[in-house]
Amino acid sequence: MRNQLTSIITKNDRKSFREYITFLTNQEKKFFLRNDVIQIFRQYCDITKKTKRFREKSSIFNFIKKIQEAFIIHEHIAVMHRYAIAKYRFFLIRSDGEYIEEIDISKHLDLKDQHGLVEQKNGTQPHIDFMPFYDYSPSIKDSRSIGNGIRFLNRYLCSNIFNKPNEWNEKLFEFIKLHKFKEQQLLVNGDLINNFKTFFSKIEKIKEWLETRKPEAPYSAVMTKMKKTGFEAGWGNTVGRIIETMQVLIDLVNEPTDYLLEKFISRVPMPLISKVAIISPHGWFGQTDVLGKPDTGGQVIYILDQVRALEKYLKKTIQLTGLDVEPKIIVVTRLIPQAENTTCNQKKEKIFQTHNGFILRIPFRDNDYTSVKHWVSRFKIWPYLEAFADDCSTELVSEFEGNPDVIIGNYSDGNLVASLLSDKFEVIQCTIAHALEKTKYPFSDLYWQDKENDYHFSLQFIADILSMNKSDFIITSTYQEITGTEDTMGQYESYQFFTLPGLYQVVSGINLFSPKFNVIPPGVDENLYFPYYIKEKRIKSKTIQWEKRLFRETSEDIYGQLDRPEKLPIFTMARFDKVKNITGLIQAFGMSKALQQNCNLIFAAGTIHIEESRDLEEREEINKAYDLIERYNLHGKFRWLSSINKLDTGEVYRIMADHGGMFVQPALFEAFGLTIIEAMASGLPTFGPKFGGPLEIIEYGVNGLLLNTSKPELIAKSLESFIETCTTDKTYWSMISENGIRRVEEQFNWKSYSERLVNLTKLYGFWRYSVSGKGRVKLDRYCDFIYHFLFKERAKNLEESVTQKLPLDASGKLFKSRR
């Protein structure tokens with residue numbers, strides 16, 4: 001291979017490059033992330049007294065600032081170089097800095113295996129490569145268009161309609177006449193209209209006749225005439241709407257545009273979306289007394305709000321088609337017999353503020369078909385999911401009196417179950433990850449064996465790539481969730497290629513340039529989260545109750561009393577786990593005399609009683625919280641409450657705003673941040689981590705603040721700065737508050753979310769029918785192969801290891817003593 005040194009490092013910088021590479025290879029650690037590479041470069045510059053221009057403009061810095069990871073192997077440094085968003089090159093740099101060779105992804109993963117394996121093994125491991133199976137689909141070229149997949153697909157389809165009108169008009173006609181509701185034919189009677197030419201001629205004639213009638217006349221007034229002509233229900237509920245829908249179709253055929261295609265399909269029942277299954281197995285899924293329990297947080301809030309908004313939108317749109325159909329939405333989760341103080345042992349529960357929305361709970365079954373009675377961590381859930389999916393399919397058919405119209409998966413476990421169900425029902429599948437664990441736990445792939453008995457990432461990562469690839473479309477809350485930022489890798493991007501040394505290599509795990517990704521941010525419940533100064537909407541008794549509980553009341557589920565309740569409250573609320581980093585905020589508060597002098601720390605998280613927790617990670621964080629409180633002697637300056645009921649959280653945010661406080665979300669990484677937009681909507685100035693979704697919610701210093709949450713001292717510094725600014729500028733707090741309210745009102749609402757979700761379901765249905773159906777067969781069979789040979793056996797062994805209390809070895813088999 002040609003030496004790439006001269007094309008990467010300028011002649012004047014090569015001596016310094018050699019010195020830097022030597023300095024890097026002499027470090028004690030042998031694996032480096034981007035921040036490590038840059039920090040070591042700065043140390044080198046300090047030692048060698050380099051100029052500011054060299055530090056920021058040299059060819060060395062321009063090269064290394066794009067390195068995502070590097071590791072030392074065989075007298076070389078292997079480098080993963082992210083030269084653009086979602087685009088990579090791989091290099092091998094000789095340890096003397098004199099030679100740079102470009103290598104391919106397979107070679108890079110092989111070297112990474114050698115680095116990660118303590119004991120080298122003979123033979124090869126499976127290589128997973130999905131890219132060859134995307135030849136059926138067009139690819140997005142510009143990374144800036146990733147996340148707007150449906151717009152790209154609509155343009156592609158319209159281009160085909162324009163270039164091949166006869167072929168595509170027939171496809172469109174066949175798709176239109178395909179649809180029924182139960183036994184009722186919709187839109188077109190295929191016995192009376194059997195080809196596109198006849199259809200187009202008749203639609204123009206019936207439209208002319210309709211134009212002689214009153215626009216406000218109901219569909220029933222023209223139903224007989226339309227049926228005789230071959231047109232069935234579904235075009236509209238009034239004569240005026242029927243005419244508008246038909247005109248959109250005529251315009252689409254005559255001059256196809258992406259706007260007209262989406263407008264037409266959104267107006268008609270193609271298909272009729274009235275039966276929605278939402279899958280979310282893990283955690284404690286309920287409406288009261290569940291938030292803050294292990295594995296239970298924002299996802300539950302997201303889904304319940306989603307159901308309410310989606311039902312409202314579906315009722316309206318179905319009514320506009322002229323059909324008399326009541327939509328039904330079912331959230332399928334796990335039934336937990338040992339339900340503690342929750343409703344998680346009830347099979348069926350109506351969702352508050354819905355007409356026909358339900359939580360349907362189905363138990364996990366052991367190998368002997370007995371029900372699993374206790375809560376199971378989301379990291380140990382995998383052995384139960386196939387049987388759970390089988391039971392789901394039976395229950396859903398009974399509930400819906402037929403198949404669902406769309407299946408929406410949530411998180412890794414729910415998305416895997418949704419994939420199994422979508423295969424069985426042959427319906428559209430939507431994937432929503434919420435948070436992918438791979439980027440939250442550094443080195444969870446490379447050193448997977450170290451975490452396997454607690455986290456089982458070898459199973460989770462396979463489940464993730466299966467559902468990503470089998471799904472018809474993927475919804476994310478932010479763009480960075482897919483492709484990250486200019487400097488950091490996105491959550492989905494991290495699945496492009498990786499290796500679990502000794503187990504499997506993923507050469508291509510997901511095609512980010514496939515048009516299945518769509519960014520649709522969620523909203524907030526406007527009845528719960530509204531500005532603190534709208535006094536007429538607030539319930540006085542609730543305000544008084546929570547004022548006491550937050551600042552003064554003594555209770556068995558509250559720890560800590562405030563010596564000076566009038567000080568500014570720093571408030572946070574989340575479940576207790578390492579990534580949510582509440583202990584990082586406690587430590588930041590403890591380290592800062594300025595914060596303790598001016599503020600009180602109030603946090604709501606899990607439980608204050610460690611014996612009530614069954615989750616290992618939660619217990620560790622609870623212990624750490626107690627230790628920090630004692631270490632920094634925070635008594636009199638903090639309040640620790642158990643988790644707050646969802647229905648009360650809006651008033652809690654508003655009370656904090658009444659007191660001139662702030663909301664701090666100190667997570668080490670946050671995929672989106674529902675609590676962030678809830679607090680902002682309530683008028684409470686909000687801090688979010690600069691790692692993840694909050695970057696796309698908060699405009700720093702305008703409608704909120706961003707934190708570097710990697711170190712407690714950095715959190716403290718940001719909070720101190722905010723308080724100091726508020727002291728010198730009396731308008732600053734109000735400015736951040738008002739701009740935060742406006743930001744949420746304009747950008748994050750459930751009405752827009754529901755409209756886009758339903759339109760995506762219909763449009764991807766047309767895409768599957770017209771283009772991708774045949775091409776997906778090979779992809780689906782490849783996924784089935786991986787599921788049965790890489791996932792299923794390991795999941796079975798995990799169940800046996802749990803029941804027999806034996807660990808798994810590296811190959812996923814039971815580890816048994818030879819004695």
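The arc is taken from the directions from the helix axis to the C-beta atoms. An α-helix has 3.6 residues a turn, so residues three or four places apart point the same way.

This is a predicted model, in which local features need pLDDT of at least 70 and side-chain atom pairs count only at pLDDT 80 or more, while totals for chains, interfaces and linings use all residues. Residues are numbered from 1 along each chain as its sequence is written, and side-chain values use heavy atoms, with hydrogens and water left out.

Helix α23 covers residues 616-631. Its buried residues are Glu 617, Glu 618, Glu 621, Ile 622, Ala 625, Leu 628 and Ile 629. They fall within an arc of 140° seen down the axis of α23, so they too line one face of the helix. These residues pack against α17 (448-455), β19 (558-559), α21 (582-591) and β22 (638-641), with contact meaning heavy atoms within 4.5 Å. The face turned away from the buried side of α23 carries Asp 627 and Arg 631, both exposed (over 50% relative accessible area). Just after α23, Asn 633 takes a positive phi of about 50°.

The axes of helix α25 (residues 674-681) and helix α27 (residues 732-747) come within 7 Å and cross at roughly 120°. Ile 677, Met 680 and Ala 681 of α25 make the contact with Gly 740, Ile 741, Arg 743 and Val 744 of α27.

Note on methods. Helix = DSSP H or I, 4+ residues; strand = E, 2+ residues; numbered from the N terminus. Expected span 1.5 Å × (residues − 1). Buried < 20%, exposed > 50% of the residue type's maximum accessible area, 1.4 Å probe, protein only. Axes fitted to C-alpha atoms, helices over the stretch in contact; angles between N-to-C directions.
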